[in-house]
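Visitor: I would like to go through this model and ask what stands behind the words used for it.
Guide: Go ahead.

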Amino acid sequence: MPSLCVRCPHDDDFFESHFVKLRQELDIPASFPEAVEQEAAEAVRRGPVVPPGAASSDIADRRDIDFVTIDPPTSLDLDQAFASERRGNGYRVFYAIADVAAFVTPGGAIDAEARARGVTLYSPDINTLLHPAILAENGASLLAAADRQAIVWTLDLDSDGKLVGTDVRRALVRSRAKLSYQEAQDQIDSQTAPESLALLAEIGRLRQQLERERGAVSLNLPSQEVVHEDDHYRLEYDISRPIENWNAQISLLTGIAAASLMVGAKVGLLRTLPEPYDRTVKRIRRSALALGIEWPKAMPYAERVRDLDPNDPKHAALLNQAARGLRGAGYVGFVGELPEYTRHAAIAADYAHVTAPLRRVCDRFANEIVLNISADREPPEWAVSALDELPSVMGKARSRDRSLERAVVDLAEAVSLAHRIGHYFPGVVV
């Protein structure tokens with residue numbers, strides 16, 4: 001299920017004390033055990049190594065590729081770097097993913113702690129990292145102007161943006177720039193972006209059209225910020241930028257390619273989501289009616305939701321209601337036999353998480369599996385043996401993530417409405 005993004009003043013004593021209290025109530029760790037920090041520091045000093053059972057010990061040199069990262073401006077745990085080029089009438093996408101497995105010893109202290117945490121948790125004031133900062137925000141992060149060992153996906157697309165070829169292997173890369181979404185958008189809009197970045201707009205739009213043709217559901221939930229003004233707090237909405245969706249399409253493309261490799265080899269870890277119940281869609285339709293948003297009877301749920309504008313308050317309200325249709329997501333691991341259900345209904349394709357190993361523990365194992373599949377080798381035992389455990393690990397982590405998100409939203413709602421106590425408002429019952 002998509003996450004809401006709420007930013008609150010992190011240098012405000014009131015909010016800071018409440019964020020600490022929320023994390024304590026949810027039993028979110030405030031630090032790493034000393035053994036984990038020591039193992040991470042040693043791994044970064046040692047440098048990346050080829051994990052046990054890896055497809056190959058050869059590390060290609062792809063520092064010739066003009067990779068850039070595109071993330072929120074303050075992010076340091078940079079999982080992905082993008083580059084592209086024209087390929088005849090089509091395109092070639094390069095996607096470098098942080099090689100976390102090159103720093104984490106299977107069965108070691110970092111591995112155990114990462115399985116216990118599952119994901120990086122984001123509070124408005126701090127990030128509760130999946131891995132120690134020396135690893136997540138330094139040694140393994142795809143920081144600009146630094147040589148990094150990465151997992152490089154080479155994805156060939158035809159003129160319509162359809163995937164026609166996949167290659168994945170370890171390589172040495174160097175990101176040319178750390179761009180914020182706004183900086184990347186400005187370069188593309190002003191036509192000052194290098195071709196490698198400029199093509200993201202073309203490729204992103206083509207992939208969005210294919211997404212539409214598949215009948216996929218795209219929920220572009222608005223970001224919100226609590227702003228301190230005079231003696232009260234108020235809520236502002238961020239403007240959604242096209243590049244955020246284009247960039248997301250590259251991650252989706254990679255996840256679809258990874259799932260195809262896994263399904264073909266009958267081994268891996270898929271992210272699944274069932275189709276929404278008819279009664280759920282009917283409830284969302286009634287919400288649209290109450291909000292005065294047109295929804296023709298013949299228009300499918302996916303089409304109506306995809307065209308909602310998060311910058312319109314009524315549309316933003318319906319987007320939040322529409323998220324009900326994307327409940328029930330989970331993970332399924334398999335070896336030797338495909339699971340009964342493999343699809344991700346919102347993506348309208350088989351899909352796997354592989355693009356955020358610094359922030360999701362399952363991606364480290366999934367990447368090692370596809371690396372070996374791509375090399376026509378059996379995946380390593382340490383990765384395959386985790387497939388039974390990972391769905392439960394990720395389920396618990398997602399549950400805690402949602403609890404934190406809900407607590408932050410509740411706090412933001414209460415604070416931003418505190419000065420309105422006693423006031424009356426027109427409302428819509430959904």
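Visitor: Where is Leu-261 found?
Guide: Leu-261 is found in helix H7, residues 242-265. Helices (H or I, at least four residues) and strands (E, at least two) are DSSP runs, numbered from the N terminus. This is a predicted model, in which local features need pLDDT of at least 70 and side-chain atom pairs count only at pLDDT 80 or more, while totals for chains, interfaces and linings use all residues. Residues are numbered from 1 along each chain as its sequence is written, and side-chain values use heavy atoms, with hydrogens and water left out.

Visitor: Which residues does Leu-261 touch, not counting residues up to four places away in sequence?
Guide: Contact means heavy atoms within 4.5 Å. With residues up to four places away in sequence not counted, Leu-261 touches Trp-153, Thr-166, Val-168, Val-370 and Ile-373.

Visitor: Why is Ser-180 counted as buried?
Guide: Buried means under 20% relative accessible area, exposed over 50%, and partly exposed in between (1.4 Å probe, protein chains only). Ser-180 has 9% relative accessibility, so Ser-180 counts as buried. Ser-180 is in strand S9, residues 163-180, and touches Ile-70, Asp-71 and Pro-73, leaving out residues up to four places away in sequence.

Visitor: What makes Gly-161 buried?
Guide: The relative accessible area of Gly-161 is 1%, so Gly-161 is buried. Gly-161 lies in the loop between strand S8 (147-157) and S9. Beyond neighbours within four places in sequence, Gly-161 is in contact with Leu-206, Arg-207 and Leu-210.

Visitor: Why are H5 and H6 called roughly perpendicular?
Guide: Axes are lines fitted to C-alpha atoms, for helices over the stretch in contact, and angles run from 0 to 180 degrees between N-to-C directions. Angles under 35 degrees count as roughly parallel, over 145 as roughly antiparallel, 65 to 115 as roughly perpendicular and the rest as oblique. The axes of helix H5 (residues 181-189) and helix H6 (residues 195-214) come within 10 Å and cross at roughly 90°. H5 and H6 are therefore roughly perpendicular to each other. Ala-184, Gln-187 and Ile-188 of H5 meet Leu-197, Ala-198 and Ala-201 of H6.

Visitor: How do the residues of that contact of H5 with H6 divide?
Guide: They divide into five nonpolar, one polar and no charged. Ala, Val, Leu, Ile, Met, Phe, Trp, Tyr, Cys and Pro count as nonpolar, Asp, Glu, Lys and Arg as charged, and the others, Gly among them, as polar.

Visitor: Which residues of helix H3 are buried, and what covers them?
Guide: In helix H3 (residues 109-117), the buried residues are Ile-110, Asp-111, Glu-113, Ala-114 and Arg-117. Their cover includes helix H2 (34-46), strand S7 (127-128), helix H11 (361-374) and helix H13 (390-417). Just after H3, Gly-118 takes a positive phi of about 85°.

Visitor: Which residues line the largest cavity?
Guide: On a 1 Å grid over the protein atoms alone, a cavity is a set of points where a 1.4 Å probe fits but cannot get out; lining residues have an atom within 4 Å of a point. The lining of the largest cavity is formed by Pro-29, Arg-117, Val-119, Leu-121, Thr-128, Leu-129 and Arg-400. These divide into four nonpolar, one polar and two charged.

Notes. 1 Å grid on protein atoms, 1.4 Å probe; cavity = no way out; pocket = protein on both sides within 12 Å on 5 of 7 lines; lining within 4 Å.
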